[in-house]
Amino acid sequence: MNTNTYDLIIIGGGILGTFHAYHALKKGYKVLQVEKDNFPVGSTVRNFGQVVPSGMAGKWFDYGVRGLEIYADIQQKMDISIRQNGSIYIASDKDETQILHELAAHYNTKGYKQELWSKTQVLAKYPNLQSDYVKEALFFPQELSVEPEFMIQRLHQYLTTTFPQYTLKYNTTIIGCEEKGDTVIITDSNLNTYTGMKVVICNGYEFKLLYRSLFNDSGLEISKLQMMRTKPLPHLELPGNILTGLTIRRYESFEENCPTYHTASLPEHYEELKALGIHILFKQAPDGSIIIGDSHEYAAGNRLDDLGFSISAHINTIMIKEAQRIVPIAEGDMASSWAGFYAQHEDHILEVDVTDKIHVRTGIGGKGMTASAGYAENSIQSLC
């Protein structure tokens, strides 16, 4: 029996748990973080790697803006793949153009830097875009992109080399979490135990492993997203985060801050795409490959298996068809396709205090890469 004692134990090795660990370490706490897999393979790595506060609203926008600062500070000390190439939202019709102007006006009131670009300006910066698609665009120069397939491991490396009071354990599945006296005892699948003064559970829908009845009643929803990656396409140059008309019609920043969002007409060719929760994003990696997606299918948190494990060829086909309206790519350019499964909640995140020492903070959904750094700072401040 191996017993260790920590000020804080984080269950879950993804971006939300890791930034909880980071902010606790900054406060001088002794922290243990455990991850059930060889390394994180869930939502944190199955996404675009876009850090886009411009797509958030309310306090989540504020968390995202704070996250830009936190990412930049870490990147100065160690390369975790952060690139400041900005984000651009491209309008393809008059309704989307009007909504962009309204969002620009909103961000002017908040002092968040952005630039409205004409079609000529857009095509000068992005000459590979299909000219017929572009009407205008809104550009946010301060926003970031990361490489999700290895960023989290680099962030773990940064914490390991920077904070001697940090312990990270991969391949450690927690099967028990119980308050005993003034401490919490967690038990892994090898029956090793670890003692913490507090525990924060940030492991997506996997917290069902510890608190099944609580999980069943949590209100968590699972979103299945399909994404694709092309082979390296060095002849195409798409720096930064490329977000398009369907994104303008989806993201909460537009819904909450733009008066004509709810009255915009829906073009006929968008109907099936919208029904499948598809909006088209592009993010080019340093090797020239491009991530394209994504779609959204939903199930209750305790009915994950209803979503299945297969990739829908039809969904991929219509995503490629829409992507071809924007960027000259071919179906033969696709190298891989995958599904991501994100836990989300109607309150934007699930916050449950099991006891005054055991806390669930999970289900941040698609906000994770953008908002986790800022949210976790506030969370640690309130919990510790």
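This is a predicted model: local features need pLDDT of at least 70, side-chain atom pairs count only at pLDDT 80 or more; totals for chains, interfaces and linings use all residues.
View 1. Glu322 is buried, with a relative accessible area of 4% (buried is under 20%, exposed over 50%, partly exposed in between, with a 1.4 Å probe and protein chains only). Residues are numbered from 1 along each chain as its sequence is written, and side-chain values use heavy atoms, with hydrogens and water left out.

**View 2. The salt bridge between Glu377 and Arg66.** The closest N and O atoms of Glu377 and Arg66 are 2.8 Å apart. Glu377 belongs to helix 11 (residues 368-383) and Arg66 to helix 2 (residues 59-77), so the pair ties together parts that are 311 residues apart in sequence. Helices (H or I, at least four residues) and strands (E, at least two) are DSSP runs, numbered from the N terminus. Both side chains are partly exposed, Glu377 with a relative accessible area of 27% and Arg66 with 30%.

**View 3. The salt bridge between Asp306 and Arg303.** The side chains of Asp306 and Arg303 meet at 3.0 Å, N to O. Arg303 is partly exposed, with a relative accessible area of 47%. A search of the whole structure finds 15 salt bridges.

**View 4. Helix 1 against helix 11.** Helix 1 (residues 15-26) packs on helix 11 at an angle of about 40°, with the axes 8 Å apart. Axes are lines fitted to C-alpha atoms, for helices over the stretch in contact, and angles run from 0 to 180 degrees between N-to-C directions. That angle makes helix 1 oblique to helix 11 (under 35 degrees is roughly parallel, over 145 roughly antiparallel, 65 to 115 roughly perpendicular and the rest oblique). The contact (heavy atoms within 4.5 Å) includes Ile15, Leu16 and Phe19 of helix 1, and Met369, Ala373 and Glu377 of helix 11. Its residues divide into nine nonpolar, five polar and one charged. Here Ala, Val, Leu, Ile, Met, Phe, Trp, Tyr, Cys and Pro count as nonpolar, Asp, Glu, Lys and Arg as charged, and the others, Gly among them, as polar.

**View 5. Helix 1 against helix 2.** Helix 1 and helix 2 pack at about 75°, with their axes 13 Å apart. Helix 1 is therefore roughly perpendicular to helix 2. Ile15, Phe19, Tyr22 and His23 of helix 1 make the contact with Ile70, Tyr71, Asp73 and Ile74 of helix 2. By class, these residues are six nonpolar, one polar and one charged.

View 6. Most residues other than glycine have a negative phi, and most peptide bonds are trans. The peptide bond from Gly293 to Asp294 is cis, with omega near -5°. Asp294 lies in the loop between strand 15 (290-293) and strand 16 (297-300). Ser81 has a positive phi, near 90°, and sits in the loop between helix 2 and strand 4 (87-91). At 8% relative accessibility, Ser81 counts as buried. Asn171 also has a positive phi, near 55°, in the loop between strand 8 (166-169) and strand 9 (174-180). Asn171 is partly exposed, with a relative accessible area of 48%.

Key: A salt bridge is a side-chain nitrogen of Lys or Arg within 4 Å of a carboxyl oxygen of Asp or Glu.
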